[in-house]
Amino acid sequence: MNAYETEEDLPEVPVASVPSDVIKTAGWRTFRPVIHLEACTKCNVCWKFCPDVAIRIDEQGWPVILLDYCKGCGICAEECKPLAIEMVKEG
Amino acid sequence: MPRAVLSGNSAQSYAAKLARVQVISAYPITPQTTVVEKLADFVASGELPAQFVKVESEHSAMQVCISAASLGARVYTATSSQGLLLMHELLHWASGARVPVVMGVVNRAIAPPLSIWTDHADSIAQRDTGWIQFYVESNQEALDTTLLAFRLAEHPDVRLPAMVAGDGFYLSHTVEPVDLPTQEDVDAFLPSKPPPTGLRLGVASRMGSYTGPELYMEFRHKVARAMDRASAVLPEVEDDYERIVGRHHGGPLPLYRVDDADAVLVTMGTATTTARAVVDTLRDRGRKVGLAKLRVFRPFPVRAMRALAADVDRIGVLDRSFTFGAMGAAHAEVAASLYGGRERPLLRGFVAGLGGRDITPATIESMFGSLSKGEGSETEWVGLKRREEVVRIG
């Protein structure tokens, strides 16, 4: 449950002491990027272009989409040279 | 108490120095420039132990002020006209972040056509930003009101930014005798430092970041309530200033010779001084006229305006700016405040003095003339130069 229900619960000044990644910002995604690792060359271009820092690189060097923050803009799929990223309609 | 001969701009600089501001950030623009030039001198000479942060624009200046104030510093800036317009976005950030920034606004017309002369359009355009707005009439009032603004803005029940607006050149570059409060008196009047706001040094936190539809309205409502509380706190602040420094400027709507008056003119800024002289002249001739000086525009003194309306038959409102497609902003506010009250006197708006055109005794007298007749349109542009009969708006 949200800790803040009414105006009285809120601080007077809109300040938060927790990092902003507690706010999941992916709610309005229509398409989801799906990475086909067999085509991926680990070039990191998707990671570099993601405007929302919603791709991380795992220990083996593979890109992983962070679906709590990915808004489905498709820039990673557009920039991926080996066409390893497919945009799939959310169900 | 030392008496000095000061320009309106220097009066504001001295007020900021007496308030012991810790951070100043500003960008020069006519006619504001000498306010911060003098403050830069105070800092350079060591008289004022503050940081003067030089920036590339008014937008950045306000951002510096917000950031420093968020960490609890007492901050000051000043601007005019286009500079204030460039700040507009950050003005909302200041009120939303609840930082008690105090800003001098030296009123100047907005281009085009380019003008450096006085006009209230620059600060009136900021009326919805959540800033407290004072309009002052003299250099003494500019100094005193700047100090009042710090105390009111920093009050724990308020915590909102405040601007002190004074007419360019009529005040900014005109010298008058000004009584400077002693440093001891100002120290007794103002807390040694503002109350803590949102952030603390060394503690990771974020200010004003994303809030969804489920709670955004509640934060706005907090600002609305704080502005209402500013009305309630102002009398206490002014009384304290009078007790310590010995001067009181009469609340948000000081009245002059309104007893038994049939017609009262509402004025802002330096036109008030002229209007006061005209009221005296007309009273000598037996006319029952009076004056109400709109000193605080935000929060708007609704109650005081309704009380005035209970006693007079006709109210005229002088605006030194115009809201295109509607009426003068003060005229609209007075109309709005009276609509919910019991008494609705005849109301007329007068637009005059735009772009620094002199508002002379004759200008004011013609307003009282129109008001007495009570005919014609709701809004009259006074002193307009036209070959044909003026097209009346409203």
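**View 1. Separation of the two domains of chain B.** In this predicted model, a distance of 27 Å separates the C-alpha centres of domain 1 of chain B and domain 2 of chain B. The domain assignment places residues 3-245 of chain B in domain 1 and residues 255-381 in domain 2.

**View 2. Contacts between domain 1 and domain 2 of chain B.** On one side, 25 residues of domain 1 of chain B take part, and they are in contact with 18 residues of domain 2 of chain B. Four elements of chain B each contribute at least two residues to the side of domain 1 that touches domain 2: helix H5 (121-124), strand S6 (132-135), strand S7 (162-167) and helix H8 (216-245). By residue class, this side of domain 1 of chain B comprises 13 nonpolar, 7 polar and 5 charged residues.

View 3. The chain B fold contains 12 helices and 16 strands. Among contacts in chain B with a separation of 6 or more, 79% join residues 24 or more positions apart.

**View 4. Dimensions and burial of chain B.** The C-alpha trace of chain B extends over about 65 × 55 × 45 Å along its principal axes. Chain B has a radius of gyration of 21 Å, which agrees with the value near 21 Å for a compact globule, because that is what such a globule would have with 394 residues. Of these 394 residues of chain B, 51% count as buried.

Methods. Residues numbered from 1 in each chain as written. Chains lettered and ligands numbered in written order. Predicted model: local features only at pLDDT ≥ 70, side-chain atom pairs only at ≥ 80, totals over all residues. Domains from an automatic or database assignment. Contact = placed C-beta atoms within 7 Å. Nonpolar A, V, L, I, M, F, W, Y, C, P; charged D, E, K, R; others polar. Rg over C-alpha atoms; globule rule 2.2 N^0.38 Å. Buried ≥ 20, exposed ≤ 12 C-beta atoms within 10 Å, placed from the backbone.
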